[in-house]
Amino acid sequence: QVLKSRHFWRFAPLGFALIGGFMAVQSLWSSAWLIHVNGYSRSVAADHLAVMSIAMVAAYMLIGLLSTGLARRGISPIYLLSGGMTLSLLTLLLIITQAVDQHYLLWVAYGTFSSCGTLAYSQAAAGFPVSLSGRANSTLNLMVFLGAFSLQWGMGILIDGLRAAGQGSDLAHRNAFLVLFIIQLAAYLWLLIGGRTEKPVKSS
């Protein structure tokens, strides 16, 4: 029933590409980027990731409070989700293009805004009766981890292939991140398109 639901498939690509993609970046490719593109040592790269992780923990707590406050004013959490994903994509684009020379700030912002993806679970589950909400969340979680594994692995293959084709490590990482950005943008647009045919789910 979950897999046959149009509502579920509105959020599944977001779980796969944006939430899973962020997990792939956070767990592996962020440190590789900081080392191979920005030229930082491993210890400095670790400092960046530590600050980003602290920001994420704070963001998870604030997102819950903000989502509840907005819901009381009749504003669905879907708007906070889509807004957070918009800013996450924008921040990733700034990282890729190196348009801003404030790397600590960029990675903190990327982790903070990407944390809004956690709202996808409640929004996906809200489209099902209570008896199926747990299965909906579990299935979305499966999509997230499939995305994290596939994108982490796929980016590695792409980077190795680009380097074998003659690209430097810097350019290979940039192009791999750009491919990730395009995939995530497509998933985000799918979420927005789905919203045109489905009324936003209000929290209970």
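The expected span of a helix is 1.5 Å times one less than its number of residues. Helices (H or I, at least four residues) and strands (E, at least two) are DSSP runs, numbered from the N terminus. The structure is a predicted model, in which local features need pLDDT of at least 70 and side-chain atom pairs count only at pLDDT 80 or more, while totals for chains, interfaces and linings use all residues. Residues are numbered from 1 along each chain as its sequence is written, and side-chain values use heavy atoms, with hydrogens and water left out.

The buried residues of α2 are Ala 45, His 48, Leu 49, Met 52, Ala 55, Met 56, Ala 59, Ile 63, Ser 67 and Gly 69. Here buried means under 20% relative accessible area, exposed over 50%, and partly exposed in between (1.4 Å probe, protein chains only). An α-helix has 3.6 residues a turn, so residues three or four places apart point the same way. Among the elements that cover the buried residues of α2 are α1, α3, α4 and α5. After α2 comes Gly 74, with a positive phi near 80°.

Helix α4 passes the same length check: its 12 residues should span 16 Å at 1.5 Å a residue, and its end C-alpha atoms are 16 Å apart. In α4, His 103, Leu 106, Trp 107, Ala 109, Tyr 110, Gly 111 and Ser 114 are buried.

Which residues touch the most other members of the largest nonpolar core? They are Trp 107 and Phe 177, in a core of 56 residues. Two or more residues come from each of α1 (6–36), α2 (42–72), α3 (77–97), α4 (103–114), α5 (119–125), α6 (130–164) and α7 (169–197). The most come from α1, which gives 14 residues. A nonpolar core is a set of buried Ala, Val, Leu, Ile, Met, Phe, Trp, Tyr and Cys residues joined through side-chain atoms within 4.5 Å. Apart from neighbours within four places in sequence, Trp 107 is in contact (heavy atoms within 4.5 Å) with Val 25, Ser 30, Trp 33, Leu 34, His 48, Met 52, Ile 95 and Phe 177.

The protein has 7 helices and 0 strands. Its radius of gyration is 17 Å, close to the 17 Å that the globule rule gives for 204 residues, so the protein is as compact as a globular protein of that length. This radius is taken over C-alpha atoms, and the rule is 2.2 Å times the number of residues to the power 0.38. Of the 204 residues, 45% are buried.

The model has 1 salt bridge, defined as a side-chain nitrogen of Lys or Arg within 4 Å of a carboxyl oxygen of Asp or Glu. Asp 170 pairs with Arg 174, their closest N and O atoms being 2.7 Å apart. Both residues lie in helix α7, 4 residues apart, about one turn of the helix. Asp 170 is partly exposed at 29% relative accessible area, and Arg 174 is partly exposed at 24%.

The mean pLDDT (the predictor's confidence in each residue, from 0 to 100) is 93 for the protein, and 95% of the residues reach 70 or more. Over residues 200–204 pLDDT stays under 50, and the model has 11 contacts for them beyond four places in sequence.
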